[in-house]
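Subject: Structure handover: cavities, pockets and a helix pair

Hi,

Here is the structure for you to take over. Please open it first, then read the notes below.

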Amino acid sequence: MQVFKGVLLASGETTDITVEGSQVTKVGKTTESGLDCSGLMALPGFVDLHTHLRQPGYEASETVLSGSRSGAAGGYTALFAMANSDPVADTASVVEQVMKLGEEAGLLEVRPIGAVTKGLAGTELSALGLMANSKAKVKVFSDDGHCVHDPLVMQRALTYVKGLGAVIAQHAQEPRLTEGSQMNSGELSTELGLKGWPSVAEESIIARDALLAEQVGARLHICHLTTAGAVDVVRWAKARGIQITAEVTPHHLMLTEEVVRSYDPVYKVNPPLRRTEDTLALREGLIDGTIDIIGTDHAPHSSEKKDCEWEQAAFGMVGLEHAASVAQEVLIESGASDWKRFTEVMSSKPAEIGSLEGHGTIAEGQPANLVLLDPAASRTVTAVTHSLSHNNPFAGRELKGRVVHTVFRGKFSVKDGKVKNA
């Protein structure tokens, strides 16, 4: 038995949490002795609906084990692994392999995401039913990194997953409008001599897919919103009653295109960092519920893919270990929202979208998937984390909030800030 004494819940209540085996058995004061957690927030373990674990195929950038360590260090108890591995996760055998690697790591729950189309090519549907009915029980499908750009293919995919009780997570980017694009389109891209990435490439796909989802009656999730216009489109679709959800990344909440002036490839990301007006609209959308969750889009890359000229560098940033601090900055430190909303965007809502049981709540009789967070602690972010890659856009910045303990199924994956077996 493990008792977490004097924890602060999102409701504002100070209490104890008792864990026996893999379950929470009591949320309430107890006379039992236990671990002093005074000053720590007890929150449901975080759930990331958008992680790139790179295995199989790109183990120089990340493995399921190293990504799990990074996730646990960031307070996560579940990660959804995107399908753009090599081979692509477009068959039952590959998604089962990813799930098995997660089970062997044992630090958190790894849920594979299946590719919508074979080879992420955008032309022929993958074996969606076989992946959904495999041991991995895939409930989220995405070609992330690529847009399902053909409307007929997208319509067929939405129709198919409706019958599976699953969701399509779309990388909203019209490819013909972004060929060779390097950063946000505007005055700064012209000044820097980098090809611009127009907002309409994102917004047009979201509008199209929202209407397709409405026609089919299926669920649609939009990955990594970046523009004020995209927030408006999602808000419109929700008002219309369409089953649409959306996510925003930590880096799009905190950084703008201005950092690209340095030509540092750490800031090269797909979709790109946008204007200050867009960042403010994303924050507003997260606070008012238009944007449902924070998804890290943790995209590790080896140094050979990032330590080069901007135009040759890979797109992507790591994000698992500082996402909670960004959420705290945007929602709590700003005074704009509260810990209840923090729990929704980091835990309960991503679990709901991903049809993931046993996460997103702290309740008696439920699995003990918890994070104990010190909200008063400040830390200076370093490029080196538990990830194999160091492409961290927040390196050198001071952020509040430190994960002290992460508990997965009743056992510490992180204790006193140290990751198990790291």
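The largest cavity is lined by Leu53, Arg54, Gln55, Pro56, Ala81, Met82, Ser85, Ala89, Val98, Pro112 and Ile113. Please keep in mind that this is a predicted model. The cavity's lining splits into eight nonpolar residues, two polar and one charged. Its space comes to about 60 Å³. How many cavities of 30 Å³ or more are there? The count is three.

The largest pocket holds about 550 Å³ of space. Its lining has 26 residues, and those closest to the centre are Asn84, Gly145, Asn270, His301 and Phe315. By class, 15 of the lining residues are polar, seven are nonpolar and four are charged.

The second largest pocket holds about 360 Å³. It has 21 lining residues. Nearest its centre lie Ala73, Glu321, Arg379, Arg402 and Val403. Which elements give two or more residues to this lining? They are helix α11 and the strands β16 (370-380) and β17 (398-408). The lining of the second largest pocket counts ten polar, seven nonpolar and four charged residues.

Next, the helix pair. Helix α11, which also contributes to the second largest pocket, spans residues 323-333. Its partner here is α12, residues 339-353. The two axes come within 10 Å of each other. They cross at roughly 140 degrees. Why call the pair oblique rather than roughly antiparallel? Roughly antiparallel needs an angle over 145 degrees, so α11 and α12 count as oblique to each other. The crossing of α11 past α12 is right-handed.

Who makes the contact? On the α11 side, the residues are Ala323, Ala324, Ala327, Gln328, Leu331 and Ile332. On the α12 side, they are Trp339, Arg341, Phe342, Val345 and Met346. By class, this contact has nine nonpolar residues, one polar and one charged. Gln328 of α11 and Arg341 of α12 are among the contact residues, and they are the polar and the charged one, respectively.

To recap for your set-up: the largest pocket has about 550 Å³ of space, the second largest pocket about 360 Å³, and the largest cavity about 60 Å³.

Best wishes

Notes:
Residues are numbered from 1 along each chain as its sequence is written. This is a predicted model: local features need pLDDT of at least 70, side-chain atom pairs count only at pLDDT 80 or more; totals for chains, interfaces and linings use all residues. Side-chain values use heavy atoms; hydrogens and water are left out. Axes are lines fitted to C-alpha atoms, for helices over the stretch in contact, and angles run from 0 to 180 degrees between N-to-C directions. Helices (H or I, at least four residues) and strands (E, at least two) are DSSP runs, numbered from the N terminus. Angles under 35 degrees count as roughly parallel, over 145 as roughly antiparallel, 65 to 115 as roughly perpendicular and the rest as oblique. A crossing is left-handed if the near helix is turned anticlockwise from the far one by less than a right angle, and right-handed if clockwise. Contact means heavy atoms within 4.5 Å. On a 1 Å grid over the protein atoms alone, a cavity is a set of points where a 1.4 Å probe fits but cannot get out, and a pocket is an open set with protein on both sides within 12 Å along at least five of seven lines; lining residues have an atom within 4 Å of a point. Grid points are joined across faces, edges and corners, and a volume is the space filled by probe spheres set on the points.
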